[in-house]
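Dear colleague,

Please find below the structure for your review. My notes on what was found in it follow directly after.

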Amino acid sequence: SGRSRPATPLPLGTGPIAGSDTVVAALQRAERDEHTKAIVLYVESGGGSALASDLIGRAVVRCSKPVVAVMGEVAGSGGYYVLAQADHVVASPFTITGSIGVVIGKPVLEGFNERHGLNPEVVGRDRALWASPNRRFTEDERAWAENVMNEVYGRFVDRVADGRALSRERVDELGRGRIWSGRDAATIGLVDELGDLDAGVQAARRLAGLAEDA
């Protein structure tokens, strides 16, 4: 969620993060630009925020211009969500994709704290502290998390079914967190074409009715 951010230093850092605000704004600029006839959305992501993925995916749907999605090495989970409703999807045979699913969890450090003589005190309402690593989920919190996962997963399945012209039942068979290679994804209908970024640009020209050298 929010703006895109650069990579942060290791060992506890992350790679660059694509923020939904930044990506949606870029899609909107391309949509308004009279010189832009088609959009190529390059996705290199193992996923992230469900909300951010939904915001980007909705922006793709709202584009009246053709949107071609090109997968990098990884376009899974939220990385697949954002492109599921593009007009055309291109992947390398070796792309890791799919992972149509959602997971909520947390590390629990009770044993670690006990071994190292740590005694963190947690202050606040239980529901507000559901993500605290210093205690396990209560049964109520676990039930809440499962309900949230089911709701988000159902929305994910619906987006893929609409975008890929598949039945909801078929997407559920392909989903449940399963991971596919690009080649397998093309065989089962999650991808339209095997290729690279150049193939994506060619597809964008074709969908926009442009010359091959445009």
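Y81 is buried, at 6% relative accessibility; buried means under 20% relative accessible area, exposed over 50% and partly exposed in between (1.4 Å probe, protein chains only). This is a predicted model, in which local features need pLDDT of at least 70 and side-chain atom pairs count only at pLDDT 80 or more, while totals for chains, interfaces and linings use all residues. Residues are numbered from 1 along each chain as its sequence is written, and side-chain values use heavy atoms, with hydrogens and water left out.

A search of the whole structure gives 3 aromatic pairs. Rings of Phe, Tyr and Trp (its six-membered ring) pair if their centres lie within 6.5 Å; planes under 30 degrees apart count as stacked, over 60 as edge-to-face and the rest as tilted. Y81 and F156 form a tilted pair, because their ring centres are 4.8 Å apart and their planes stand at 50°. This pair links distant parts of the chain, 75 residues apart: Y81 belongs to helix α3 (residues 78–81) and F156 to helix α5 (residues 139–164). Helices (H or I, at least four residues) and strands (E, at least two) are DSSP runs, numbered from the N terminus. F156 is also buried, with a relative accessible area of 3%.

The rings of W130 and F137 are stacked, since their centres are 6.1 Å apart and their planes at 20°. W130 is partly exposed at 24% relative accessibility, whereas F137 is buried at 17%. Together with W144, these two residues form one aromatic cluster.

Helix α2 (residues 50–62) has 13 residues and spans 18 Å from its first C-alpha to its last, close to the expected 18 Å; the expected span is 1.5 Å times one less than the number of residues. Its buried residues are A52, S53, D54, I56, G57, A59 and V60. Their cover includes α1 (20–32), β1 (39–45), β2 (67–76), α3 and α5.

R3 is in the segment before α1 and is exposed, at 64% relative accessibility. Leaving aside neighbours within four places in sequence, R3 is in contact (heavy atoms within 4.5 Å) with G19, D21 and T22. The C-alpha atoms of R3 and S132 are separated by 26 Å, the two residues being 129 apart along the chain.

Finally, L197 lies in helix α8 (residues 197–208) and is partly exposed, with a relative accessible area of 41%.

Yours sincerely
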